[in-house]
Amino acid sequence: MSTEQEPTTPQDELSQAQPPEQPEVDDHAAALDELQDRWRRALADLDNLRKRHAKELDAVRNEERARTAAAWLPVVDNLDLALTHAGSDPSAVVEGVKAVRDQAVDVLRRLGYPRYEETGVPFDPAVHEVVGTVDDPDAEPNTVVQVVRPGYGEGSRQLRPAAVMVSKRQE
């Protein structure tokens, strides 16, 4: 056995430094670059979509706010008329205020919040808020006997529950 090594040429060293699969590495690097580019573009698209959605949502909110305000304008106009005629016949003013209230209730109904003020129905904590109890022998226990403040809306679109007086159990 000899301890001497065979002399190497610069070409031998170069061929040992670069693996023979160089084209495959270049293909993988190119594929990786392409995937990174596509990922960056997808992130940019997502950010643009988020910004566009925020603008559209703001525009829809503003349109809905304007539509709701416009629905209330006739109510305000009629209240102004009632105040203008407040010095005249008091019964006409009362009738005018009732008409304006009915108009306001109708606006709420058209916006999806119908008024409810039923009596004689069983108490339902989802739509009623008890503000008191009464001893009424003619009513079933836990029945709404008086509506103190009407409720508006239904189901998940409830603005507020009806404030009611409920009959208590007779003992």
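Modeller: The model is predicted. Start with the total: nine salt bridges are counted. The cut-off is a Lys or Arg side-chain nitrogen within 4 Å of an Asp or Glu carboxyl oxygen. Side chains of opposite charge can pair when their charged atoms come close.

Take R109 and D106. Their closest N and O atoms are 2.5 Å apart. That is within the 4 Å limit, so the contact is a salt bridge. Both residues sit in helix α3, which covers residues 90-110. They are three residues apart there, so about one helical turn separates them. R109 has a relative accessible area of 46%, which makes R109 partly exposed. D106 is also partly exposed, at 28%.

Next comes R101 with D102. This salt bridge has its closest N and O atoms 3.1 Å apart. R101 shows 42% relative accessibility and is partly exposed. D102 is at 45%, so D102 counts as partly exposed as well.

Now E117 and R115. Their side chains form a salt bridge, with an N to O distance of 3.1 Å. E117 is partly exposed at 44% relative accessibility. R115 is partly exposed too, at 26%.

One group goes beyond a simple pair. D47, R50 and K51 are joined in a network of salt bridges.

Now the nonpolar side. W39, L43, L46 and L49 make a nonpolar surface patch of about 420 Å². W39 belongs to helix α2, residues 22-84. At 52% relative accessibility W39 counts as exposed, because the threshold for exposed is over 50%.

Last, a backbone point. N142 is not a glycine, yet its phi is positive, at about 60°. N142 lies in the loop between β2 (128-134) and β3 (144-149). Its relative accessibility is 36%, so N142 is partly exposed.

To recap the pairs: R109 with D106 at 2.5 Å, R101 with D102 at 3.1 Å, and E117 with R115 at 3.1 Å.

How values were computed
Residues numbered from 1 in each chain as written. Predicted model: local features only at pLDDT ≥ 70, side-chain atom pairs only at ≥ 80, totals over all residues. Heavy atoms only, no water. Buried < 20%, exposed > 50% of the residue type's maximum accessible area, 1.4 Å probe, protein only. Helix = DSSP H or I, 4+ residues; strand = E, 2+ residues; numbered from the N terminus. Patch = residues over 30% accessible without salt bridge, like charges linked within 9 Å, V, L, I, M, F, W, Y side chains within 5 Å. Areas by Shrake-Rupley, 256 points an atom, 1.4 Å probe, with all protein chains shown as cover.
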